Amino acid sequence: MRIRLVHKQALLLVSSVLITVVAMGSLTAWNLRDGFSEYLAGRDIERLEQFADLVAMTAEKYGGVEKMEASGTNLHDLLHEFAKIHGASPIRALKDVLPGKELNAALGFKPPPRPIDSIDAFKDRIAVYHADGHPILGTPALSQSAQTIDRPVTLGNSVVAFVRMAKLKPVPNEVEYRFLAMQYKSTLAVSFLLLVTALMLALWISKQWVKPLIEIQGASELIAKGKLQTRLKTNRTDEIGDAMANINAMASSLEILEKTKRQWLADISHELRTPLTILRGEIDGLIEGVIDYSPTSMNSLREEVLKLNSLVNDLHLLALSDLQVLPCYFEELNLKKLISQIVDRFQRQAATKDIHLNVQFIEIEELQVRWDSRRIDQLVGNLIDNSLRHTDSPGKVFVTVQLKNPFAVSIDINDTAPGASENDLKHLFDPLFRADTSRSKWTGGSGLGLSICQQITNSHHGLLKASHSELGGISMHLELPIDGDATT
Ligand SMILES: Nc1ncnc2c1ncn2[C@@H]1O[C@H](COP(=O)(O)OP(=O)(O)OP(=O)(O)O)[C@@H](O)[C@H]1O
Ligand SMILES: [Mg+2]
């Protein structure tokens, strides 16, 4: 059988309450018994001392102990006198500590029986001795021991006699026993009441705790089954509320991811369809004889195949970086030489478009960097290629290379109009994004270049940002650590 969380939690709460109640109950019972016996023993000694005083007063009245003895005064007379002055039994003691009702309850509503430590019993436990040790009154057999207590009887400044009392036995007498039993019963009843309340409370609290967990379980099950629109409603501010909010956030991320994936597949198939349609049309034209077999027609076919090839290569590279396995081969490179070579490669293309392409190195001469030369060539090449392709002629493209700090290099590429709108700037790095579709189709791009740039930058632990350029076009800011291989 599966034990549910609600039961486990309730059990835990109830058992902790049970342990507390049992511990407190036992402690109370133990304290009660011990404390009560101690109290009675104290009263007993007090009574003994009062009795010793009474003996002293009586002896004084007769003019000495011997005269009191000779007068025939017996223990019974003294105790009778004592009872008149001081009361008789522990019931008196109970009266001191309990109000009438509770006393009756303690006695079980019956007339109190004569307890064994009443005056009568006191009589059997007490004896008066002369100062030299010979018995005067009471049970002479009370020899001095750990079970007896002596109190002196003084006349003037001298001890003339002493009173000896046998201690009360620790076994509770009937009244005490009933009083204790009653206390135990009420302790037990309170404990039981506490336990029942704890059980009910535990079940209620457990339900409060477990309910949201059951909701979380249900929602995560639905999300796992693909129902990504599932959301949990909560206004809790505790950790459970956090967990619920996290599940909601996870579900929305998965939903967005799912949508992006579908969009991505649709976009890719669309991208592949365009060159394939052109290829098919040209091949059909060749077969049907509409197009002549000529170096020009063959070149056109080759260009379409090359476009397809580069598109597939770009997609592959992006897929690799998505899987975090974009291979990089880091090596020591001369920064100035590397960037100069890349820029030089584009000078002819820039001249054809009447664009002035210029590179400037600020305080950089012989800086060695640790990058993957092929990937950096592709990254900076893509950025310059973009500037050349998406800039109106005549125009300008300025490349500035400088040290950002002792550990990083910045490369800024600024160009003249056209620029991009705020919204376009946000999406520039999205795969397959093109700012102005008709224009970009004309410039021949697939919209993967900047995504690739971003991935290469990431693989070198750098950053790439686009903003408006002071020249009127776009400003690309690239920052790369001198050691692109360093993992920190
Ligand atoms: N320097 C720039 N000036 C103006 N627009 C730009 C610039 N760089 C990028 N863009 C805009 O951003 C879009 C995305 O650029 P990206 O490099 O990703 O793709 P692409 O150049 O169109 O194609 P390719 O995959 O061949 O690079 C471009 O289509 C263009 O509209
Ligand atoms: Mg591009």
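With which residue does Glu365 form a salt bridge? In this predicted model, the partner of Glu365 is Lys336, and the closest N and O atoms of the pair are 3.2 Å apart. Glu365 belongs to the loop between strand 6 (355-362) and strand 7 (368-371), whereas Lys336 sits in helix 10 (residues 335-352), so the bridge ties together parts that are 29 residues apart in sequence. The two residues fall into separate classes of accessibility. Glu365 has a relative accessible area of 52% and is exposed, because the exposed class takes in residues over 50%. Lys336, with a relative accessible area of 25%, is partly exposed.

The structure holds 17 salt bridges. One of them joins the side chains of Arg231 and Glu255, with an N to O distance of 2.7 Å. This pair links distant parts of the chain, 24 residues apart: Arg231 lies in the loop between helix 7 (174-224) and helix 8 (239-288), and Glu255 lies in helix 8. Arg231 is partly exposed, its relative accessible area being 35%. Glu255 also counts as partly exposed, at 25% relative accessibility.

A further salt bridge is formed by the side chains of Asp238 and Arg236, again with an N to O distance of 2.7 Å. Asp238 has a relative accessibility of 23% and counts as partly exposed. For Arg236 the relative accessible area is 29%, and this residue is likewise partly exposed. Salt bridges also connect residues in a network, which is made up of Glu258, Lys261 and Arg262.

The surroundings of ligand 1 were examined next. Ligand 1 is surrounded by 18 residues, of which the closest are Asn386, Asp415, Ala435, Leu448 and Leu450. Several contacts involve oxygen atoms of the ligand. A polar atom in the side chain of Asn386 is placed 2.8 Å from an oxygen atom of ligand 1. In the case of Leu448, a backbone N or O atom is found 2.9 Å from an oxygen atom of ligand 1. Gly449 likewise has a backbone N or O atom 2.9 Å from an oxygen atom of the ligand. On its own, ligand 1 has 590 Å² of accessible area, and the protein covers 93% of this.

Two helices, helix 11 (373-389) and helix 14 (449-459), each supply at least two residues of the shell around ligand 1. Helix 11 gives the most to this shell, contributing 3 residues. By residue type, the shell around ligand 1 comprises 7 nonpolar, 8 polar and 3 charged residues.

Val196 is located in helix 7. At 34% relative accessibility, Val196 counts as partly exposed.

Note on methods. Residues are numbered from 1 along each chain as its sequence is written. Chains are lettered from A and ligands numbered from 1 in the order in which they are written. This is a predicted model: local features need pLDDT of at least 70, side-chain atom pairs count only at pLDDT 80 or more; totals for chains, interfaces and linings use all residues. Side-chain values use heavy atoms; hydrogens and water are left out. A salt bridge is a side-chain nitrogen of Lys or Arg within 4 Å of a carboxyl oxygen of Asp or Glu. Helices (H or I, at least four residues) and strands (E, at least two) are DSSP runs, numbered from the N terminus. Buried means under 20% relative accessible area, exposed over 50%, partly exposed in between (1.4 Å probe, protein chains only). A residue is near a molecule or strand if one of its heavy atoms lies within 4 Å of it. A polar contact is a pair of N or O atoms within 3.5 Å; within protein, one must be able to donate a hydrogen and the other to accept it, and residues adjacent in sequence count only if both atoms are side-chain atoms. Accessible areas come from the Shrake-Rupley method with a 1.4 Å probe; for residues, only the protein chains shown count as cover. Ala, Val, Leu, Ile, Met, Phe, Trp, Tyr, Cys and Pro count as nonpolar, Asp, Glu, Lys and Arg as charged, and the others, Gly among them, as polar.
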